[in-house]
Amino acid sequence: MRQSNMLIPTLKEIPADAEIKSHQLLVRGGFIRQTASGVYSFLPLGKRVLRKVEAIIREEMDNIGANEMIMPAMQPAELWKETGRWNNFGPELMRLNDRHDREFALGATHEEVITSIIRDEIKSYKRLPLSVYQIQTKFRDEKRPRFGLMRGREFVMKDAYSFHDSYDSLDQGYQKMYQAYENIFRRCGLDFRPVIADSGAMGGKDTHEFMVLSEVGEDTIAYSDSSDYAANIEMAPVHASYQKDQADLKELQEVATPGKKTMQEVADFLGHPLEKGLKALLFKVDEKLVLVVTRGDHEVNDIKLKNLYQAETVELASEEETKAAFGAGFGSLGPIDQPEDIDVVADNAVKYAVNVSCGANKDGYHFINVNPERDFIVNTYADLRFIQEGDSSPDGKGTIQFARGIEVGHVFKLGSIYAERMGATVLDEQGKAKTVVMGCYGIGVSRTLAAIVEQYHDDRGITWPAHLAPFHVHLLAMNMKKPEQKQLAEKIYDSLKAAGVEVLFDDRAERAGVKFADSDLIGIPLRITVGKRADEGIVELKQRDTGEQSEVHEAELLGKLNNLV
Ligand code: 9G3
């Protein structure tokens, strides 16, 4: 392609709203443009890369026998009402009415649509297992779209769905999909980890997220320094072994702690380390008030609290709700003599507390020498805290470290939740109706593209892996007004194209400096520069990632390129 008639609007300056490298470089390199907040257009270079990432995904999906299809973005509300999700989702689910005032959702995901098709078309267990996938635009009206393609409101997803007549079959299907995902992300050149995850609102049991390690990742991964254990911190279980002090239980005392609000202030004032204090936070679990007690140096994991109660929503009570229930504000709460109708749950570590402090449910007062069971009753002890760096790994091997990750894939063993709600059954070998069992599997395709840029760039621009770059070769003519340069460049352009090499030919009437800067920004792996020695047939060959360059006679070019590309 000739750059003189291509839409590649490169930018010198960094766009003000672009905080991370991939967002900056994809905009500056002329790959994408924002059309609205969280809504992007893929310009020609972006589309060429997107197509290559999709090709890898298609190959791996086809390889495991998943059939590609495409489902509509416009989904009738009735389907979402059958599964109860129409009202479950708030403004994040984009909705519209058609001209007959019928309600639709813009597809955020396609469990309802695909299950309605399977329900209508698949009647016998003999037709299972069956898996389908699509690569399609999804709509989710994120509250705070950011980081360019990382968190958009309209984005490209590969979503696959598998249907089974048993959980064994689902396990096998899940394993094949898991392996296909490892192949996909490895072929994209990404440094990724599958991590054990929380299935959230989807329910079902096993689920894994595929995380690309990156400082700009929004997720925190807890991984072992001595095994391949890795889990999303949201669900990483804590297998700590706590020691109970052998000290005698001292007499409970109430002490004034004027103006001391935070755990640290109280601990400092009372002269004990943070972990010798109990933290009590009031949560609304669905509509129920629950007091959650943890050791002072631990943090409540609200996902674990939600799973303990199998609740829909969990959120911290407000200051006024807290005052209304306890007569005291944040920082003064404690489990001693708490109001009757309030559950007290505590993290397992609390069981081992001896002579610790806690709030006295009176502003400006705390108890010291507090001991569980003697001074307060806990309804339920559970693993309710976030795992911390240095905790022992749940698999018993080594200790936990943290890393940040970008979630590029998420696979779920859904079970039969959706099939039940939608009546998707097949006749089993005894001719009895049996609810089908499902798996669902997503890849954020546009997010994967951004994650690749996060991993492959330097201070001059993107350094695409050769097989994902928008073109294989960037051919630059320094001065198209000079006939020897123009002729040689055109000759090379034609011969490379004839050899099937994807060439971007910068034939613009721009200064050399501009061409070199744009070329570094766009990040095509190999650059051929036709310049001063054109009359001798000599050109310069440069590798974008290593910077290695050499002078080559144009006759040797193809040979050189073959072993480089
Ligand atoms: C919605 C909205 C946002 C959502 C969902 C539904 C996430 C929703 C979970 C999934 C599960 C899997 C198939 C591909 C892999 C992931 N955010 N999820 O269901 F209406 Cl607004 O999407 N779906």
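Student: In what order do the three strands of the open sheet come?
Tutor: This is a predicted model. In it the order is β13-β19-β18, with antiparallel pairing.

Student: Which strands stand at the edges?
Tutor: β13 (253–256) and β18 (356–359) do. Each has a single partner strand, so one side of each has no neighbour in the sheet.

Student: How are neighbouring strands turned against each other?
Tutor: By 30° on average, with direction ignored.

Student: How many bridges join β18 to β19?
Tutor: Three, and the two strands run antiparallel. β19 covers residues 365–370. Within this sheet, Cys358 stands opposite Phe367 in β19.

Student: Which helix packs on the sheet?
Tutor: Helix α7, residues 263–270, which touches β13, β18 and β19. The direction of α7 makes about 65° with that of β19.

Student: New topic. How do α2 and α11 cross?
Tutor: Their axes come within 10 Å and cross at roughly 110°. That makes α2 roughly perpendicular to α11. Helix α2 spans residues 44–63 and α11 spans residues 445–455.

Student: Which residues meet there?
Tutor: From α2, Gly46, Val49, Leu50, Val53, Glu54 and Ile57. From α11, they meet Val445, Ser446, Thr448, Leu449 and Ile452.

Student: And by class? How many are nonpolar, polar and charged?
Tutor: The contact of α2 with α11 has seven nonpolar, three polar and one charged residues.

Student: What follows α1?
Tutor: Gly30 does, and its phi is positive, near 75°.

Student: Zooming out, how is the chain divided?
Tutor: Into domain 1 (45–236 + 402–449), domain 2 (253–382) and domain 3 (473–564). The C-alpha centres of domain 2 and domain 3 lie 68 Å apart.

Student: Last one, Asn563. Where is it found?
Tutor: Asn563 is in helix α14, residues 557–564.

Student: Buried or exposed?
Tutor: Asn563 is exposed, with a relative accessible area of 62%. The cut-off for exposed is over 50%.

Student: What separates the C-alpha atoms of Asn563 and Met6?
Tutor: A distance of 29 Å, while along the chain these residues are 557 residues apart.

How values were computed:
Residues are numbered from 1 along each chain as its sequence is written. This is a predicted model: local features need pLDDT of at least 70, side-chain atom pairs count only at pLDDT 80 or more; totals for chains, interfaces and linings use all residues. Side-chain values use heavy atoms; hydrogens and water are left out. Two strands pair if DSSP finds at least two bridges between them. Helices (H or I, at least four residues) and strands (E, at least two) are DSSP runs, numbered from the N terminus. Axes are lines fitted to C-alpha atoms, for helices over the stretch in contact, and angles run from 0 to 180 degrees between N-to-C directions. Contact means heavy atoms within 4.5 Å. Angles under 35 degrees count as roughly parallel, over 145 as roughly antiparallel, 65 to 115 as roughly perpendicular and the rest as oblique. Ala, Val, Leu, Ile, Met, Phe, Trp, Tyr, Cys and Pro count as nonpolar, Asp, Glu, Lys and Arg as charged, and the others, Gly among them, as polar. Domain bounds come from an automatic or database domain assignment. Buried means under 20% relative accessible area, exposed over 50%, partly exposed in between (1.4 Å probe, protein chains only).
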